[in-house]
Amino acid sequence: MGSNMSSWVPLLLALLLLAARLRFGAAEMRMEPMEATDYPGAWSDIGPFPHNQSDTNTSRVPGGGGLSGGPGRLAEPGHGGPWRMEDLEGELERKVELLEKERKALRLETKKHRQEIDLGINKLHHRIAGLEEGASGHSFPEGYRLSFPSRTNYMYALVKHPVPELQALTVCLWLRPTEGGTGTPLSYAVPEQVNELVLLQGLHTPAELVVNDQVAQLPLNLSRGNWQHICVSWSQRGGAWQAYQGGKLRGEGRGLAPGHHIRPGGVLILGQEQDSLGGGFDSSQALVGELSQVGLWERVLTPTQVASLARCGRVPQGRVAPWTEKGVEVYGGATKNPGEPCSKHSRSSQ
């Protein structure tokens, strides 16, 4: 529309100027009629197209007369015929009307496209909301598991329970990877540090425990297709850490962020690694598989307690992020499914 308007502006200005001059000339001639021969150059200033003018002694219209058709008529450029003032006004009105119609049509078309886009976005939002509501609307008397069926940068779960300040911790979970490279089962970020606490395994790297952006490699063997019980613990005293798989100690070490404390008030995400607070996900670090019974304790669990959890026992004391149905929300296509590794439903289905 902008290019069409700019192409008509010079023509409209010329037509408006010509109409004004014609009205002024006609009024002047009605007050004092004159012959063109009295003033040979009298009309040279109002010719609509100066490049068509010739010497002042040259006639304006074939036939030798300086004016043709009386005081209300002017020679039509390029045609040899007369332009009447009424014709010029009609032409001007017609052009204005065409421009107005074109502007209205473009405005309606733009409005229609905007409505179609808004409708599509609303349908998508309703569809996502319906999937999430349907996934979270179930009741799971025998427990539930989270499913992350594909590697994306938008599929995740959010733990709603707030995380307090921690001088020591233990994270335990049941994990069933379905692709090589486990991804990120758990990521905790605070405004000061997005890698405050992370448990992950890359596509071609070993499993890692990250505390305050410092890394310890874990000697874990995470196989695809099978449920595995994983626990990792850490303490600010010397930066000591331990890694368990299947209730057995697989490795331990020191020097991982000694003296640090896990800061409170952050965002605890399951299934994605945060590069910004609550977001900045990278599909190459996403979890593909299932999670269940994710727990966070505010202390280092003993080897006996870890072994009990691996046998489907319970250690409720000191648990700061309990695994409850309403305590975890899923987004982006992640789902909650009935059954877990320690439930009768899950054991009978394996």
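Which residue in strand 16 does Arg145 stand opposite? In this predicted model, the residue facing Arg145 is Asn337 of strand 16. The two strands concerned, strand 3 (residues 144-148) and strand 16, are joined in the antiparallel sense over four bridges.

This pair belongs to an open sheet of seven strands, whose order is 12-11-10-5-14-3-16 and whose pairing is antiparallel. Strand 12 (248-253) and strand 16 (335-338) form the edges; each has a single partner strand, so one side of each is left without a neighbour in the sheet. From one strand to the next, the twist averages 25°.

Helix 3 packs on this sheet and touches strand 5, strand 10, strand 11 and strand 14, its direction making about 155° with that of strand 10. Within this helix, which spans residues 303-310, the buried residues are Val306, Ala307, Leu309 and Ala310. Viewed down the helix axis, the buried residues of helix 3 fall within an arc of 160°, so they line one face of the helix. Just after the helix, Cys312 adopts a positive phi of about 70°.

The largest nonpolar core holds 45 residues, of which Leu146, Leu218, Leu270 and Leu291 touch the most other members. Strand 5 gives the most to this core, contributing four residues. Leaving aside residues up to four places away in sequence, Leu218 touches Leu199, Ala207, Glu208, Leu209, Val232, Trp241 and Ala243. Another core, of eight residues, lies apart from the largest one; among its members are Cys172, Tyr244, Leu301 and Val315.

The pLDDT of the protein averages 79, and 70% of the residues score at least 70. Among the elements, strand 11 has the highest mean pLDDT, 98, whereas helix 4 (residues 344-349) has the lowest, 44. Over residues 29-78 the pLDDT is below 50, and this stretch has 56 contacts in the model beyond near neighbours in sequence. Residues 345-350 also stay under 50 in pLDDT, with 11 contacts beyond four places in sequence.

Notes:
Residues numbered from 1 in each chain as written. Predicted model: local features only at pLDDT ≥ 70, side-chain atom pairs only at ≥ 80, totals over all residues. Heavy atoms only, no water. Buried < 20%, exposed > 50% of the residue type's maximum accessible area, 1.4 Å probe, protein only. Arc of directions from axis to C-beta. Core = buried A, V, L, I, M, F, W, Y, C linked by side-chain atoms within 4.5 Å. Contact = heavy atoms within 4.5 Å. Pairing = 2+ DSSP bridges. Axes fitted to C-alpha atoms, helices over the stretch in contact; angles between N-to-C directions. pLDDT = per-residue confidence, 0-100.
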